[in-house]
Amino acid sequence: VRLEVKPSKRFDAFVAARSVWLEEVTDSFAKTGIKDASGQSGDYAGAQIETRLRYWVVPKRVQLDIGGAVLAKGEFLRNAPNVINTDDTRYVYADINFNF
């Protein structure tokens with residue numbers, strides 16, 4: 001699910017959410033190498049929520065971009081035998097773009 005808004009020429013934003021599943025309970029999670037060969041950890045890896053806010057500080061010249069993402073880990077990413085960290089993963093960023 002993704003919601004995008006553009007309430008003005010200077011501001012736009014989005015928020016997105018998705019569930020993350022293994023295709024089979026014995027699969028590895030992407031390229032992380034996290035795997036449960038027994039399938040006991042289930043197939044639900046978690047939910048990812050991300051957002052971005054952009055604002056033209058100086059229209060068409062300077063844009064501020066702020067965003068972030070959270071992977072709320074599910075059963076598989078908390079319980080697989082070779083998981084190192086069971087905390088949720090969080091990313092935040094900010095940048096300024098100059099267009100000349």
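Val-20 makes contact (heavy atoms within 4.5 Å) with Phe-29, Asp-43, Tyr-44, Ala-45, Gly-46, Gln-48 and Leu-71, once residues up to four places away in sequence are set aside. Keep in mind that this is a predicted model, where local features need pLDDT of at least 70, side-chain atom pairs count only at pLDDT 80 or more, and totals for chains, interfaces and linings use all residues. Residues are numbered from 1 along each chain as its sequence is written, and side-chain values use heavy atoms, with hydrogens and water left out.

Val-20 also belongs to the largest nonpolar core, a group of 10 residues. A core here is a set of buried Ala, Val, Leu, Ile, Met, Phe, Trp, Tyr and Cys residues joined through side-chain atoms within 4.5 Å. Buried means under 20% relative accessible area, exposed over 50%, and partly exposed in between, using a 1.4 Å probe and protein chains only. In soluble globular proteins, nonpolar side chains tend to be buried together.

Now for the overall layout. There are five strands and one helix, running β-β-β-β-α-β along the sequence; these are DSSP runs numbered from the N terminus, with helices (H or I) of at least four residues and strands (E) of at least two.

Asp-12 sits in strand 2, residues 11–21. Is Asp-12 buried or exposed? Asp-12 counts as buried because its relative accessibility is 12%. Leaving out residues up to four places away in sequence, Asp-12 touches Val-5 and Lys-6, along with Arg-52, Leu-53 and Arg-54.

Over in strand 3, residues 44–58, you'll find Ile-49. With a relative accessibility of 44%, Ile-49 counts as partly exposed. Beyond its neighbours within four places in sequence, Ile-49 contacts Ala-16 and Ala-17, plus Gly-68, Ala-69 and Val-70.

Step back to the whole protein. Its radius of gyration, taken over C-alpha atoms, is 18 Å, whereas a compact globule of 100 residues would have one near 13 Å, by the rule of 2.2 Å times the number of residues to the power 0.38. Along the principal axes, the C-alpha atoms fill a box of roughly 55 × 25 × 20 Å. Of the 100 residues, 30% count as buried. Finally, among contacts between residues at least 6 apart in sequence, 54% join residues at least 24 apart.
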